[in-house]
Amino acid sequence: VDTAIAAINNLQPDIVFLDIELIGGTGFDVLDTFEEIDFEVIFVTSYPEFGAKAFRYEAIDYILKPVEPQDLKDAVERVFKARMV
């Protein structure tokens, strides 16, 4: 969690790929540290039961492992479409 927060703060990415379970907490814990989420979030995880919660955090997609290449491609295309608006 701490590494993800530091990386997001330092790199200021357009897209952040998060898993649910991380060392030191969850992907949701990472997102909770930001007052404003000014990047797109794509969850990539083995936990199907957290999908609804991820979308409450305005995740642009929720991809289940094992990742299908087409699912990843579609998710990134959604980011580009969302950023063009």
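Visitor: What is a salt bridge?

Guide: A salt bridge is a side-chain nitrogen of Lys or Arg within 4 Å of a carboxyl oxygen of Asp or Glu. In this predicted model, arginine 83 forms one with glutamate 40, and the closest N and O atoms are 3.2 Å apart. Arginine 83 belongs to helix H4 and glutamate 40 to strand E4, so the pair ties together parts that are 43 residues apart in sequence.

Visitor: Are the two partners buried or exposed?

Guide: Buried means under 20% relative accessible area, and partly exposed lies between that and 50%. Glutamate 40, at 17%, is buried, whereas arginine 83, at 36%, is partly exposed. Both residues are also linked with Asp14 in a network of salt bridges.

Visitor: How many salt bridges does the structure hold?

Guide: The structure holds 5. One of them joins the side chains of aspartate 61 and arginine 78, at 2.3 Å from N to O. Aspartate 61 lies in strand E5 and arginine 78 in helix H4, so this pair ties together parts 17 residues apart in sequence. Aspartate 61 is buried at 11% relative accessible area; arginine 78 is partly exposed at 37%.

Visitor: Where do lysine 73 and glutamate 77 lie?

Guide: Both are in helix H4, 4 residues apart, which is about one turn of the helix.

Visitor: Which residues form a nonpolar patch on the surface?

Guide: Phe17, Val67 and Leu72 do, with about 230 Å² of accessible area together. Valine 67 sits in the loop between strand E5 and helix H4 and counts as partly exposed at 34% relative accessibility.

Visitor: What is the order of the elements from the N terminus on?

Guide: They run α-β-β-β-α-β-α-β-α. The radius of gyration is 12 Å, close to the 12 Å that the globule rule gives for 85 residues, so the protein is as compact as a globular protein of that length.

Definitions and conventions. Residues numbered from 1 in each chain as written. Predicted model: local features only at pLDDT ≥ 70, side-chain atom pairs only at ≥ 80, totals over all residues. Heavy atoms only, no water. Patch = residues over 30% accessible without salt bridge, like charges linked within 9 Å, V, L, I, M, F, W, Y side chains within 5 Å. Areas by Shrake-Rupley, 256 points an atom, 1.4 Å probe, with all protein chains shown as cover. Helix = DSSP H or I, 4+ residues; strand = E, 2+ residues; numbered from the N terminus. Buried < 20%, exposed > 50% of the residue type's maximum accessible area, 1.4 Å probe, protein only. Rg over C-alpha atoms; globule rule 2.2 N^0.38 Å.
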